Amino acid sequence: MRWKQVLSGVLLGAVLLAAWWAAPRKPEPLVAPVPSASVEVADAGVRDVVPPVETREAADAGLWLRATLEGAHPFVGEARVGAAFITDEDLRWWKQGQARGGHAGPSRLEDLANVRGWVTAPVTASAQGGVLGPVEVHPAPRYQLVAFEPDGTFWWGDHVPASPPESGTLDAGVLRATRPTGVRVRLTGARDEAGTFSVRIERDVDPADAERASALLVVLRLVAPELMVALQDGLPVPLVKDGDTVLAPLPPDRAVRLWLRAPSGREGGPVEVPLREGTVGTVTLDVARLFPEGVGRAVTLRGRVLLGQTSRPAGPAVLRTEEGREVAVDAEGRFTVPDVPAWRASRFTVWREEAESGRPVAPSHSEFTFTPTAEMAGTVEVVWRMPVYRWLVLRMDGFTRAQLQAQAQIPYPVYLLQRRDARGAWSDVPTQEFIPEKDDVAVSLLEPGAYRVLTASSPYALRPSTEARAGADDADVEVKLTAEETPAPSCEVRVTHEGRPVVGALVTAGGGDRSMPPVRGETRTDGRWPLGPVRSDLLPVEVQAEGLPAWEGDGVEACRRSGVIEVKL
């Protein structure tokens with residue numbers, strides 16, 4: 001009986017399993033392939049790929065820009081897109097000009113927009129050009145698009161939306177290829193010369209086409225950045241000695257002038273090369289013709305910079321050449337400058353790093369000239385000596401300093417060094433250092449002589465110190481400025497219009513010494529502005545007030561007579 005029960009259980013399980021298998025189930029979703037379209041172009045040998053259409057969800061996620069690049073072959077290069085914005089200052093200036101009915105500035109507001117930064121844009125090549133984008137952009141009043149290939153061919157254009165959208169796709173239309181304008185430079189007669197020749201480029205701009213050429217500089221700076229920097233800053237471009245060097249793209253100017261530079265730094269030229277827009281012409285530069293006296297020799301300058309007549313080094317410092325090249329001067333004052341011209345004099349400037357506090361021992365910089373001779377070759381040794389300071393100290397007691405500060409008007413007090421010549425006449429002497437020291441002032445000197453210090457509380461209130469003679473071996477000499485026993489009379493400016501005081505009129509007053517900066521101030525509610533003490537024989541005064549004609553004149557006589565300069569606007 002037991003085996004019958006087991007057999008019945010097995011048969012029941014089989015029936016239930018068959019029923020479960022036969023029961024209807026939910027159908028699996030079908031996976032449909034994403035359609036794509038392509039067109040076979042037999043004569044070009046490439047596929048013209050149509051980018052997939054964006055879904056609505058992708059478009060709603062941001063703002064996208066696209067354009068068509070029209071060319072003669074499949075695009076191979078790079079592309080950039082820049083969103084252009086208008087600054088608040090430019091917008092305010094433009095609106096004010098439009099309100100006044102002026103014609104300054106662009107007619108369209110969008111033309112004020114400038115690109116703040118460029119982003120790389122993808123390009124899908126086609127048989128004749130390609131499709132730029134879609135590339136995500138920020139909402140802006142204007143967009144600039146640039147694409148370029150290695151040979152200098154470029155595409156560029158603007159897109160100004162009717163109203164800047166927040167999302168979706170912007171179509172910038174069709175951009176047509178622009179063939180580069182430029183020069184192919186070929187050297188002859190340079191094979192036996194050691195080193196690299198280079199060429200410096202100068203633009204010859206046609207005034208009638210200057211605006212369009214200048215507008216292209218933004219584009220060309222992206223297409224050929226090193227060439228544009230060399231063009232604008234006058235930097236030489238290295239040339240290929242045994243081949244052609246292509247200078248393109250260049251702005252579509254009337255012509256360019258080329259200055260051939262030899263490895264020694266000597267220049268020959270200029271050679272004027274007419275430009276034809278959309279064409280890269282060829283010019284041959286003959287080294288023998290441009291350098292009839294030879295390309296020139298160069299030497300290596302090795303030297304040391306010392307302080308005064310001592311063996312103390314002036315380093316660490318920086319040595320700067322005429323061309324702006326910088327060479328380090330080490331802590332021992334040693335330096336090496338290669339490729340220094342041996343056919344002419346060269347000027348150098350040494351800039352010291354002053355590490356000591358207080359008074360510096362020497363000027364911050366000094367100039368030196370290297371003059372080669374015909375016998376010099378290879379490496380030339382030189383020793384240059386920077387002058388060492390001696391000091392003139394202006395002594396003032398506390399009361400004198402307080403009196404000076406009370407009379408001074410910003411930016412005063414000002415100090416001026418003077419030296420007496422053999423005829424006894426005083427003249428101004430330039431100096432680098434006026435160092436405050438408690439109540440005193442230390443003034444740097446570079447040579448012996450008789451000196452004094454002019455102390456000015458204003459451009460028309462100068463007082464001389466006592467005199468002192470600085471000898472060749474003197475470290476410090478002293479002069480004194482004492483308090484005034486009888487102060488100079490004060491003066492003021494009073495500005496009126498039709499008998500009423502003018503408030504806020506700008507008063508500018510100077511003195512007899514042009515090296516002294518003028519002082520400025522505005523009249524108070526009573527139309528007055530105080531000048532303070534006046535000791536000068538010249539007192540040029542200018543007065544300006546909004547909506548009224550300006551006034552200018554000399555106020556010395558009025559100050560001496562009444563102490564008031566009456567100005568009626």
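Start with the second largest pocket, which has a volume of about 320 Å³. A pocket here is an open set of points on a 1 Å grid over the protein atoms alone, where a 1.4 Å probe fits, with protein on both sides within 12 Å along at least five of seven lines. The volume is the space filled by probe spheres set on the points, which are joined across faces, edges and corners.

Before you click further: this is a predicted model, where local features need pLDDT of at least 70 and side-chain atom pairs count only at pLDDT 80 or more, while totals for chains, interfaces and linings use all residues. Residues are numbered from 1 along each chain as its sequence is written, and side-chain values use heavy atoms, with hydrogens and water left out.

Now select Asn114, Arg142, Gln144, Ala215 and Val218: of the 13 residues lining this second pocket, they lie nearest its centre. Lining residues have an atom within 4 Å of a point. Which element gives the largest share of this lining? That's α4, with four residues. Colour α4 (210-223) along with β5 (114-120), β8 (142-148) and β9 (154-159), as each supplies at least two lining residues. Helices (H or I, at least four residues) and strands (E, at least two) are DSSP runs, numbered from the N terminus.

Next, move to the largest pocket, at about 500 Å³. It has 22 lining residues, and Arg261, Gly265, Glu323, Arg325 and Asp339 are the ones nearest its centre. Two elements to highlight are β21 (334-341) and β22 (346-352), which give two or more residues to the lining. β21 provides the largest share, four residues.

A disulfide is a pair of cysteine sulfur atoms within 2.5 Å, and a search of the whole structure finds one. Cys491 sits in strand β34 (residues 490-497) and Cys559 in helix α8 (residues 556-561), 68 residues apart. Look along the S-S bond: at -85°, the link is left-handed. Both cysteines are buried, meaning under 20% relative accessible area with a 1.4 Å probe and protein chains only.

Last, find Thr455 in strand β30 (residues 449-458). Is Thr455 buried or exposed? Buried, because its relative accessible area is 2%. Leaving aside neighbours within four places in sequence, its contacts (heavy atoms within 4.5 Å) include Leu394, Leu404, Val414 and Tyr415.

Notes: Buried < 20%, exposed > 50% of the residue type's maximum accessible area, 1.4 Å probe, protein only.
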